[in-house]
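The stops below are meant to be selected in order.

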Amino acid sequence: MDCNKDFAHSYMLLKPEEVNLFDLFKILFSTDIENRKFVDSKAKDETFERRWLMFISIVVQKLLQFGSKPLSWVGSWFEMCLNLVSSNRNIGVLFLNVFQGSVVVPSKTSAAFISFIGNFDKRVELDSSIKHGDGSRYFAALSMMASKASYENIAYIKTIVQDHWKMEFLGSYDFWNDYQEKATTQAFLLRDKTNEQDTIVVAFRGTEPFDADAWCSDFDISWYEIPGVGNIHGGFMKSLGLQKSVGWPKETSEEDDKRPAPLAYYAIREILREIMVNNETKFILTGHSQGGSLAILFPAVLALHEEKLLLERLEGVYTFGQPRVGDERFGQYMEKMLRDRGIKYFRFVYGNDVVPRLPYDDKALMFKHFGTCVYYDRHYEGKIVGEEPNKNYFSPLRAIPMMINAFFELIRSFTISYTKGHDYKEGWLLWTFRVIGLVVPGLPAHSTQDYVNATRLGSPELLVSTYTNITQ
């Protein structure tokens, strides 16, 4: 697999499907990685630290590939059990219906079927106290709810958008990954005409807990060095629509494109082009977890292709629990590009959420965040920071404070409905997850529940004043 030299100055692509055990261990003791079948590289000899991380990345991806079917089966079974209970009101009624032979069996394609992620937070209504005139705060709250909805099936999303939000549903799509040779990315689009500004929202789905392909993208430390731009995370690029051999050509050939599903970037770009060609419609990009990484990489490719119209119409990018997507040079390139075009970029981080602290910001990986970080503590008090505390997560000095914080988050689970209202009530599934957080703090903090709460309970003035300051 050769990479177009006009596209990438250098690159390092991992191909775990082609690895053998001998070569895998040999990479730890040899710097000639370009001679390895499972590594496609145009980079200088790697340090031991980077080769060790390559080793870990490949091992994890191999394990995920090996267990992909059992993992998918467990997830499907667990989701069905959760929906079986809710479809029959509660577990007591379910047992009664079993004896009576009147069990209500949920359909996975129905608007009532909720994903595993959705069962953590079943809220569907927008916060009525956050009005259209609230600017960035309104778009942040809408973006987070759209990011949460992106984990659901098409019938659910359509019902929520049309019946509850009174907005126009523009479609939900599965997108192709050339490297994994399957559809691994999902996104949906809605149109908000309820305020004075006609706005399209593009929401990318994040990593589903039982989706091995999505986890492989997260653990893939492949990278590309784009001339004049910097190094970009290869796993996320693949999910967004990077093509084998040709990289990111500005246009694709319909005659040569035999893929079962479209590539994310090109398909979404074409939809936006058609909508905006003859009007003043604007759009925002959003996503939770890996979905946030795709949301911020989308305008990066628009800039590479000099898509002036779409960049002019991009109102903002709102990401939640987003991992790092590039190195320091890429961050500098993006900050300048966003600033020059007046595009807002808010990166929301709640508490000890582990995902925004990955991949590592160290001398081996060199990934770095950029943009405006809006950080919220367990009281949902927000502040603007250059970098979230404990930026690389795995710090022995931070372990005890994080566990203490996780304990207070668990206590809050039982009291928040009394202090903030019934709309903030948490269920047994999230309670269980928060108990796990006592041992592995940072996992429950990645839940959509806390990010929805942050956008609703955080300071109303924070986003407005922040954007005013950074654009002056």
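Predicted model: local features only at pLDDT ≥ 70, side-chain atom pairs only at ≥ 80, totals over all residues.

**Stop 1: α2 and α8.** Select residues 48–66, helix α2, together with residues 212–219, helix α8. Two packed helices are described by the angle between their axes and the distance between the axes. Here the angle is about 180 degrees and the axes lie 9 Å apart. An angle over 145 degrees counts as roughly antiparallel, and α2 and α8 are therefore roughly antiparallel to each other. Now show side chains at the contact. On the α2 side, pick Ser57, Val60, Gln61, Leu64 and Gln65; on the α8 side, pick Ala212, Trp215, Cys216 and Phe219. Sorted by class, this contact has 6 nonpolar residues, 3 polar residues and no charged ones.

**Stop 2: asparagine 390.** Move to the loop between β12 (382–385) and α14, where asparagine 390 sits. Is asparagine 390 buried or exposed? Its relative accessible area is 15%; the limit for buried is under 20%, so asparagine 390 counts as buried. Draw a distance from the side chain of asparagine 390 to the backbone oxygen of tyrosine 393: the value is 2.9 Å. Then select the contacts of asparagine 390, leaving aside neighbours within four places in sequence: Arg357, Ser395, Arg398 and Met402.

**Stop 3: phenylalanine 414.** Go on to helix α14 and select phenylalanine 414. Phenylalanine 414 is partly exposed, at a relative accessible area of 42%. Glutamate 426 is 12 residues from phenylalanine 414 in sequence, and their C-alpha atoms are 7.4 Å apart in space.

**Stop 4: α15.** Select residues 428–436, helix α15, and colour its buried residues, Leu429, Leu430 and Arg434. Look down the axis of α15: these buried residues fall within an arc of 135 degrees, so they line one face of the helix. Which helices do the buried residues of α15 pack against? Show α3 (68–87), α5 (116–120), α14 (396–419) and α16 (448–457), which are the partners.

**Stop 5: α16.** Finish on α16, one of those partners. How many of the residues of α16 are buried? The helix is mostly covered, with 9 of 10 residues buried. To display the buried set, select Thr448, Gln449, Asp450, Tyr451, Val452, Asn453, Ala454, Thr455 and Arg456.

Conventions: Residues numbered from 1 in each chain as written. Heavy atoms only, no water. Buried < 20%, exposed > 50% of the residue type's maximum accessible area, 1.4 Å probe, protein only. Helix = DSSP H or I, 4+ residues; strand = E, 2+ residues; numbered from the N terminus. Arc of directions from axis to C-beta. Contact = heavy atoms within 4.5 Å. Axes fitted to C-alpha atoms, helices over the stretch in contact; angles between N-to-C directions. Parallel < 35°, antiparallel > 145°, perpendicular 65-115°, else oblique. Nonpolar A, V, L, I, M, F, W, Y, C, P; charged D, E, K, R; others polar. Polar contact = N/O pair within 3.5 Å; in protein donor to acceptor, adjacent residues only side chain to side chain.
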